[in-house]
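Student: Before we discuss the labels in this model, could you show me the sequence and structure?

Tutor: Here they are.

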Amino acid sequence: MKVSQIIFSPTGGTNKVAEIITKAWGMPVNKIDLSNAKTDYSSLRLEKEDIAIIAVPSYGGRVPSLATQRIANIHGNQTPCVIVCVYGNRAYEDTLMELKDVAEKSGFKVIAAIAAIAEHSIIHQYGAGRPDTKDKSQLKSFAKKILEKIKGNLTEISAPPIPGNRPYKKAGGAGLVPKASSNCTSCGFCAKQCPAQAISKENLKVTDRKKCISCMRCVVQCPQSARKVNGAMVSVAALALKKACSTRKGNELYI
């Protein structure tokens, strides 16, 4: 038995959560990076005897559209699946419900769900330093409970109740689109790494606003720290989210 990590984690927070969970299982791991625009996801087929963990960040209470499209092309083959949504201490709203629907439509058998906290990808003071020591301990405990369930009779295991609504809340557009500063050396790394292929390879200072999903991968990975979002707009967003994000949220297990 092996584990397939199917992860959309442009800035690394979701990957941290998934790593904590799968390490607690102590099994071989096959990683599928949903942020890689060049992967032929339709060629990926999982085995019924394996375990899958599908982990995504919550973007405005929804699954990122690119992740939805790419998961839809993977052949699940009734592989037992744990779905995980990671959010920046505000709210995940319909993310888990939507992720469950997407996973099951692709042939996965959802047996458990986790909502976890990581540092906000844009407003870093919210969820700063998370997952922290307390989170890690809790997520490991969740992983052990899930493994116990997996060791049971999988044919009789059903999906737990998942929070969320259908229809899902309306998806928002790209709110903050990073731009290249004068520090840009035109190395092209941002264009290569962009999950949405929104950055022009011919002119790296041009970003297609219709393609950009505000994932902030280019900001995090630029070797020159040359890509930025508008500081004034970030401050306004931080103020708007202050009430919702200031109280520490806990991780949640549905099993």
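Student: What makes E3, helix H2 and E4 a right-handed β-α-β unit?

Tutor: This is a predicted model, in which local features need pLDDT of at least 70, side-chain atom pairs count only at pLDDT 80 or more, and totals for chains, interfaces and linings use all residues. Residues are numbered from 1 along each chain as its sequence is written, and side-chain values use heavy atoms, with hydrogens and water left out. Helices (H or I, at least four residues) and strands (E, at least two) are DSSP runs numbered from the N terminus. E3, helix H2 (residues 65-72) and E4 form a right-handed unit, because a crossover has that hand if, with the strands pointing away from the viewer, the path from the first strand over the helix to the second runs clockwise. The crossover from E4 through helix H3 (residues 95-105) to E5 is right-handed too.

Student: How do you know that E3 and E4 pair?

Tutor: Pairing requires that DSSP finds at least two bridges between two strands; 6 bridges join E3 (residues 51-57) to E4 in parallel, so the two strands pair, with Ile54 opposite Ile83 in E4.

Student: Why is Cys194 called buried?

Tutor: Its relative accessibility is 12%, and buried means under 20% relative accessible area, exposed over 50% and partly exposed in between (1.4 Å probe, protein chains only), so Cys194 counts as buried.
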